[in-house]
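Subject: Handover of a structure

Dear colleague,

Please find the structure below, together with its sequence.

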Amino acid sequence: AEAMTKWIYRMSLISYATGLLLLSTTAHAEGKVTTIDYCRDLSLIGKQVMAARQQDKPMWEVLPEAIESVGNWAGKYGLDFSAEKVEKAASMLVIDAYERIAWNGGSFSEAAISSFENSLFKACYQAMLE
């Protein structure tokens, strides 16, 4: 837990959100769940959020969807997250996405979505390895 705390302090907002989600990760859903599965599903939430950002959807519209997605993700992996923790983590992902440029289509938009998704996967995966 101490290593995780140090990790959180030195990371960006997106990494902080990942750390927030991972701090109480003590159990996985029944069956064989890999770190890749866990982090892939989290990064797909980031992909959805950034795709919405690139389409210039209003933040107030994206946030409830992100909260629901993070809540579903936590439930899938048997994580005991309060509604407050789910909302905080989802809002941090949305805020981070909306602080980035919206390219409104084309290759720049696709690159922004992919970069955001991969950054989230990387942060999650690195945290799970520590």
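Arg-40 and Asp-37 form a salt bridge, with their closest N and O atoms 3.3 Å apart. A salt bridge here is a side-chain nitrogen of Lys or Arg within 4 Å of a carboxyl oxygen of Asp or Glu. Both residues lie in helix α3, 3 residues apart, which is about one turn of the helix. Arg-40 is partly exposed at a relative accessible area of 35%, and Asp-37 is partly exposed as well, at 21%. In these terms, buried means under 20% relative accessible area, exposed means over 50%, and partly exposed lies in between (1.4 Å probe, protein chains only).

Before going further, please note that this is a predicted model, in which local features need pLDDT of at least 70 and side-chain atom pairs count only at pLDDT 80 or more, while totals for chains, interfaces and linings use all residues. Residues are numbered from 1 along each chain as its sequence is written, and side-chain values use heavy atoms, with hydrogens and water left out.

The protein chain has 6 helices and 0 strands. Helices (H or I, at least four residues) and strands (E, at least two) are DSSP runs, numbered from the N terminus. Of the 130 residues in the chain, 41% are buried.

The salt bridges continue beyond the pair above. Side chains of opposite charge can pair when their charged atoms come close. The count for the structure is 6 salt bridges. Another of them joins Lys-76 and Asp-41, at 2.7 Å from N to O. Lys-76 belongs to helix α4 and Asp-41 to helix α3, so this pair ties together parts that are 35 residues apart in sequence. Lys-76 is partly exposed at 46% relative accessibility, whereas Asp-41 is buried at 13%. A further bridge links Asp-96 and Arg-100, at 3.1 Å from N to O. Asp-96 is buried, with 8% relative accessibility, and Arg-100 is partly exposed, with 31%. Through shared partners, salt bridges join Asp-37, Arg-40, Asp-41 and Lys-76 into one network.

Helix α3 covers residues 35–54 and reaches 28 Å from its first C-alpha to its last, close to the 28 Å expected at 1.5 Å a residue. The expected span is 1.5 Å times one less than the number of residues in the helix. Its buried residues include Tyr-38, Leu-42, Ile-45 and Val-49.

Which residues of helix α4 are buried? They are Val-62, Ala-66, Val-70, Trp-73 and Ala-74. Seen down the axis of α4, these residues fall within an arc of 100 degrees, so they line one face of the helix. The arc is that of the directions from the helix axis to the C-beta atoms. On the other side of α4, Trp-60 and Glu-68 are exposed.

The structure contains 1 disulfide, a term for a pair of cysteine sulfur atoms within 2.5 Å. Cys-39 and Cys-124 form it, with their sulfur atoms 2.1 Å apart. The pair links distant parts of the chain, as Cys-39 is in helix α3 and Cys-124 in helix α6, 85 residues apart. Both cysteines are buried, and the link is left-handed, with -75 degrees about the S-S bond.

With kind regards
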